[in-house]
Amino acid sequence: MSIKNNLLKILDDLPQDVSLVAVSKTKTKEEIMEAYEAGQRIFGENKIQEMVLKWSELPKDIEWHMIGHVQRNKVKYMGEFVSLIHSVDSLKLLKEINKQGIKNNRKINCLLQMHIAEEQTKFGLDEGELLELIDSAEFGNLKNITVQGLMGMATFTDDEEQIRKEFAYLSSIYLKIKNNIPGINVLSMGMSGDYKIAIQEGSTMVRIGSSIFGVRNK
Ligand SMILES: *Cc1c(COP(=O)(O)O)cnc(C)c1O
(Lines give C-alpha, C1' and ligand atoms only; values in the text may rest on other atoms or scores of the structure.)
Protein backbone atom coordinates (compact mmCIF):
# COMPACT_ATOMS: atom_id res chain seq x y z
CA MET A 1 0.00 0.00 0.00
CA SER A 2 1.16 3.51 -0.78
CA ILE A 3 1.31 6.38 1.74
CA LYS A 4 -1.62 7.95 -0.08
CA ASN A 5 -3.75 4.80 0.16
CA ASN A 6 -2.87 4.26 3.82
CA LEU A 7 -3.81 7.85 4.59
CA LEU A 8 -7.11 7.74 2.71
CA LYS A 9 -8.07 4.49 4.38
CA ILE A 10 -7.46 5.93 7.85
CA LEU A 11 -9.32 9.17 7.03
CA ASP A 12 -12.22 7.03 5.87
CA ASP A 13 -12.23 5.29 9.25
CA LEU A 14 -12.19 8.49 11.34
CA PRO A 15 -15.42 10.14 12.50
CA GLN A 16 -15.93 13.68 11.12
CA ASP A 17 -15.08 15.34 14.43
CA VAL A 18 -11.76 13.54 14.98
CA SER A 19 -8.71 15.19 13.42
CA LEU A 20 -5.63 13.40 12.19
CA VAL A 21 -2.03 14.29 12.98
CA ALA A 22 0.17 12.41 10.50
CA VAL A 23 3.27 11.58 12.53
CA SER A 24 6.17 12.09 10.14
CA LYS A 25 9.17 11.76 12.49
CA THR A 26 12.21 10.20 10.73
CA LYS A 27 10.36 10.37 7.40
CA THR A 28 11.73 12.23 4.38
CA LYS A 29 10.37 15.35 2.72
CA GLU A 30 9.33 13.21 -0.25
CA GLU A 31 7.31 10.90 1.98
CA ILE A 32 5.66 13.87 3.69
CA MET A 33 4.87 15.41 0.29
CA GLU A 34 3.09 12.23 -0.76
CA ALA A 35 0.71 12.64 2.18
CA TYR A 36 0.49 16.38 1.48
CA GLU A 37 -0.50 15.79 -2.15
CA ALA A 38 -3.23 13.47 -0.87
CA GLY A 39 -4.62 16.39 1.15
CA GLN A 40 -3.02 16.00 4.60
CA ARG A 41 -1.99 19.30 6.21
CA ILE A 42 -1.29 18.45 9.88
CA PHE A 43 2.01 16.73 10.60
CA GLY A 44 3.55 15.74 13.92
CA GLU A 45 7.23 15.58 14.86
CA ASN A 46 8.96 14.62 18.10
CA LYS A 47 12.27 16.46 17.65
CA ILE A 48 12.35 20.24 17.44
CA GLN A 49 15.38 20.50 15.12
CA GLU A 50 13.92 18.00 12.67
CA MET A 51 10.59 19.85 12.68
CA VAL A 52 12.30 23.23 12.08
CA LEU A 53 14.20 21.82 9.11
CA LYS A 54 11.07 20.36 7.55
CA TRP A 55 9.09 23.55 8.23
CA SER A 56 11.73 25.60 6.41
CA GLU A 57 11.72 23.35 3.35
CA LEU A 58 8.10 22.25 2.95
CA PRO A 59 4.91 24.16 1.96
CA LYS A 60 3.93 26.92 4.36
CA ASP A 61 0.33 25.80 4.76
CA ILE A 62 1.43 22.73 6.73
CA GLU A 63 0.46 22.86 10.41
CA TRP A 64 3.33 21.49 12.49
CA HIS A 65 2.55 19.81 15.79
CA MET A 66 5.23 19.05 18.37
CA ILE A 67 4.35 15.72 20.00
CA GLY A 68 7.66 14.80 21.67
CA HIS A 69 9.20 15.80 24.97
CA VAL A 70 10.21 19.48 24.87
CA GLN A 71 13.34 20.93 26.45
CA ARG A 72 12.82 24.50 27.56
CA ASN A 73 15.97 25.82 25.87
CA LYS A 74 14.68 24.66 22.47
CA VAL A 75 11.23 26.25 22.51
CA LYS A 76 12.70 29.37 20.87
CA TYR A 77 13.38 27.48 17.63
CA MET A 78 9.71 26.71 17.03
CA GLY A 79 8.06 29.76 18.66
CA GLU A 80 7.45 31.42 15.31
CA PHE A 81 5.48 28.69 13.63
CA VAL A 82 4.46 25.69 15.75
CA SER A 83 0.70 25.30 15.59
CA LEU A 84 0.17 22.99 18.57
CA ILE A 85 2.49 21.62 21.27
CA HIS A 86 0.98 18.38 22.61
CA SER A 87 3.55 17.61 25.26
CA VAL A 88 3.53 20.36 27.89
CA ASP A 89 4.08 18.84 31.30
CA SER A 90 5.09 21.69 33.63
CA LEU A 91 4.34 25.29 34.51
CA LYS A 92 8.02 26.13 33.88
CA LEU A 93 7.73 24.92 30.30
CA LEU A 94 4.44 26.74 29.83
CA LYS A 95 6.09 29.97 31.03
CA GLU A 96 8.89 29.55 28.48
CA ILE A 97 6.36 28.92 25.70
CA ASN A 98 4.49 32.05 26.82
CA LYS A 99 7.74 34.02 26.64
CA GLN A 100 8.32 32.84 23.07
CA GLY A 101 4.70 33.70 22.28
CA ILE A 102 5.34 37.27 23.44
CA LYS A 103 8.55 37.46 21.37
CA ASN A 104 6.70 36.34 18.26
CA ASN A 105 3.62 38.40 18.99
CA ARG A 106 1.29 35.38 18.92
CA LYS A 107 -0.55 32.96 21.12
CA ILE A 108 0.92 29.48 21.07
CA ASN A 109 -1.53 26.58 21.33
CA CYS A 110 -0.68 23.88 23.85
CA LEU A 111 -2.00 20.64 25.27
CA LEU A 112 -1.12 19.45 28.74
CA GLN A 113 0.34 15.96 28.69
CA MET A 114 -1.07 13.56 31.26
CA HIS A 115 0.67 10.46 32.59
CA ILE A 116 -1.86 7.64 32.23
CA ALA A 117 0.36 4.65 31.38
CA GLU A 118 1.91 2.15 33.75
CA GLU A 119 5.40 2.75 32.37
CA GLN A 120 7.35 5.20 34.49
CA THR A 121 9.34 6.22 31.43
CA LYS A 122 6.46 8.16 29.93
CA PHE A 123 6.17 11.86 30.66
CA GLY A 124 3.19 13.78 31.95
CA LEU A 125 1.25 15.20 34.86
CA ASP A 126 -0.96 13.28 37.22
CA GLU A 127 -4.44 14.58 38.00
CA GLY A 128 -3.40 16.42 41.15
CA GLU A 129 -0.55 18.18 39.38
CA LEU A 130 -2.87 19.18 36.55
CA LEU A 131 -5.40 20.75 38.91
CA GLU A 132 -2.66 22.54 40.82
CA LEU A 133 -1.26 23.94 37.59
CA ILE A 134 -4.52 25.22 36.16
CA ASP A 135 -5.60 26.70 39.48
CA SER A 136 -2.38 28.63 39.97
CA ALA A 137 -2.33 32.41 39.67
CA GLU A 138 0.72 32.21 37.42
CA PHE A 139 -1.13 30.06 34.93
CA GLY A 140 -3.94 32.60 34.78
CA ASN A 141 -1.42 35.31 33.90
CA LEU A 142 0.04 33.62 30.82
CA LYS A 143 -1.57 35.59 28.00
CA ASN A 144 0.44 34.30 25.04
CA ILE A 145 -0.49 30.65 25.31
CA THR A 146 -3.82 28.93 24.75
CA VAL A 147 -4.35 25.61 26.46
CA GLN A 148 -6.66 23.72 24.12
CA GLY A 149 -6.85 20.42 25.96
CA LEU A 150 -5.06 17.28 27.05
CA MET A 151 -2.81 14.62 25.54
CA GLY A 152 -1.90 11.17 26.78
CA MET A 153 -0.32 7.89 25.75
CA ALA A 154 -1.58 4.51 26.92
CA THR A 155 0.69 1.70 28.09
CA PHE A 156 2.39 -0.21 25.27
CA THR A 157 0.60 -3.53 25.69
CA ASP A 158 -1.64 -6.03 23.87
CA ASP A 159 -4.13 -5.83 26.73
CA GLU A 160 -6.97 -3.86 25.15
CA GLU A 161 -8.90 -3.60 28.38
CA GLN A 162 -5.98 -1.87 30.05
CA ILE A 163 -5.60 0.55 27.13
CA ARG A 164 -9.33 1.28 27.24
CA LYS A 165 -9.24 1.86 30.98
CA GLU A 166 -6.37 4.36 30.63
CA PHE A 167 -8.06 6.27 27.81
CA ALA A 168 -11.37 6.31 29.70
CA TYR A 169 -9.56 7.77 32.71
CA LEU A 170 -7.97 10.52 30.60
CA SER A 171 -11.31 11.23 28.99
CA SER A 172 -12.94 11.67 32.41
CA ILE A 173 -10.31 14.22 33.45
CA TYR A 174 -10.77 16.03 30.13
CA LEU A 175 -14.52 16.31 30.66
CA LYS A 176 -14.00 17.62 34.18
CA ILE A 177 -11.66 20.45 33.18
CA LYS A 178 -13.63 21.27 30.02
CA ASN A 179 -16.25 22.78 32.32
CA ASN A 180 -13.71 25.02 34.04
CA ILE A 181 -11.43 26.30 31.29
CA PRO A 182 -12.97 28.13 28.34
CA GLY A 183 -11.83 26.94 24.93
CA ILE A 184 -10.88 23.40 25.89
CA ASN A 185 -11.85 21.21 22.97
CA VAL A 186 -8.94 18.89 22.13
CA LEU A 187 -8.33 15.44 23.55
CA SER A 188 -5.24 14.03 21.80
CA MET A 189 -5.10 10.28 22.32
CA GLY A 190 -4.58 7.28 20.07
CA MET A 191 -1.73 6.07 17.85
CA SER A 192 -1.49 3.42 15.08
CA GLY A 193 -2.02 0.51 17.45
CA ASP A 194 -4.77 1.92 19.64
CA TYR A 195 -6.57 4.77 17.90
CA LYS A 196 -9.82 2.89 17.44
CA ILE A 197 -10.11 2.31 21.19
CA ALA A 198 -9.14 5.96 21.79
CA ILE A 199 -11.95 7.19 19.54
CA GLN A 200 -14.47 4.98 21.31
CA GLU A 201 -13.31 6.57 24.56
CA GLY A 202 -13.74 10.15 23.32
CA SER A 203 -10.57 11.17 21.48
CA THR A 204 -10.88 14.24 19.24
CA MET A 205 -7.37 14.01 17.74
CA VAL A 206 -5.31 10.95 16.84
CA ARG A 207 -1.56 10.85 16.16
CA ILE A 208 -0.78 8.20 13.57
CA GLY A 209 2.66 7.43 12.12
CA SER A 210 3.52 3.88 11.13
CA SER A 211 0.05 3.00 9.77
CA ILE A 212 0.48 5.84 7.26
CA PHE A 213 4.20 5.94 6.50
CA GLY A 214 5.21 2.36 7.32
CA VAL A 215 7.56 1.25 10.08
CA ARG A 216 10.32 3.61 11.16
CA ASN A 217 13.96 2.60 10.72
CA LYS A 218 15.52 4.65 13.48
C1 LIG B 1 5.69 8.26 17.34
C2 LIG B 1 4.52 8.81 18.07
C3 LIG B 1 3.21 8.57 17.63
C4 LIG B 1 2.87 7.71 16.43
O5 LIG B 1 3.15 6.37 16.68
P6 LIG B 1 2.71 5.23 15.64
O7 LIG B 1 2.64 4.01 16.49
O8 LIG B 1 3.78 5.16 14.61
O9 LIG B 1 1.40 5.61 15.07
C10 LIG B 1 2.17 9.14 18.35
N11 LIG B 1 2.40 9.91 19.44
C12 LIG B 1 3.63 10.16 19.90
C13 LIG B 1 3.81 11.02 21.10
C14 LIG B 1 4.74 9.61 19.23
O15 LIG B 1 5.97 9.88 19.69
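This is a predicted model: local features need pLDDT of at least 70, side-chain atom pairs count only at pLDDT 80 or more; totals for chains, interfaces and linings use all residues.
In what follows, a residue is called buried when its relative accessible area is under 20%, exposed when that area is over 50%, and partly exposed in between, with a 1.4 Å probe and protein chains only. Residues are numbered from 1 along each chain as its sequence is written, and side-chain values use heavy atoms, with hydrogens and water left out. Helices (H or I, at least four residues) and strands (E, at least two) are DSSP runs, numbered from the N terminus.

**Salt bridges**

Side chains of opposite charge can pair when their charged atoms come close. A salt bridge is taken here as a side-chain nitrogen of Lys or Arg within 4 Å of a carboxyl oxygen of Asp or Glu, and the structure holds 9 salt bridges.

| Pair | N to O distance |
|---|---|
| Asp-13 and Lys-196 | 3.5 Å |
| Asp-61 and Arg-41 | 3.1 Å |
| Arg-164 and Glu-201 | 2.9 Å |

Asp-13 and Lys-196 meet through their side chains in a salt bridge. Because Asp-13 lies in helix α1 (residues 3–13) and Lys-196 in helix α9 (residues 195–200), this pair ties together parts that are 183 residues apart in sequence. Asp-13 counts as partly exposed, since its relative accessibility is 39%.

The salt bridge of Asp-61 with Arg-41 has its closest N and O atoms 3.1 Å apart. This pair links distant parts of the chain, with Asp-61 in the loop between α3 (48–57) and β3 (63–66) and Arg-41 in the loop between α2 (29–37) and β2 (42–45), 20 residues apart. Asp-61 is partly exposed, with a relative accessible area of 41%, and Arg-41 is also partly exposed, with a relative accessible area of 28%.

Arg-164 and Glu-201 form a salt bridge through their side chains, at 2.9 Å from N to O. Here too the pair links distant parts of the chain: Arg-164 is in helix α8 (residues 160–178) and Glu-201 in the loop between α9 and β8 (205–208), 37 residues apart. Arg-164, at 23% relative accessibility, counts as partly exposed, whereas Glu-201, at 19%, counts as buried.

In α1, the buried residues are Ile-3, Asn-6, Leu-7 and Ile-10. Because these residues cover an arc of only 95° around the axis, they are on the same side of α1; the arc is that of the directions from the helix axis to the C-beta atoms. Lys-9 and Asp-12, on the other side of α1, are exposed.

In α2, Ile-32, Ala-35 and Tyr-36 are buried. They cover an arc of only 105° around the axis, and therefore they lie on the same side of α2. The other side of α2 carries Glu-30 and Glu-37, which are exposed.

**Positive phi values**

Most residues other than glycine have a negative phi. Thr-26, which is not a glycine, has a positive phi of about 70°; Thr-26 is placed in the loop between β1 (19–23) and α2 and counts as partly exposed at 26% relative accessibility. Asn-105 likewise has a positive phi, near 55°, and is found in the loop between α5 (91–103) and β5, where Asn-105 is exposed with a relative accessible area of 71%.

**Buried positions and separations in space**

Ile-173 belongs to helix α8 and is buried, with a relative accessible area of 1%. The C-alpha atoms of Ile-173 and Leu-150 are separated by 8.8 Å, while the two residues are 23 residues apart along the chain. Gln-113, in strand β5, counts as buried at 5% relative accessibility. Gln-113 and Leu-125 are 12 residues apart in sequence and 6.3 Å apart in space, C-alpha to C-alpha.
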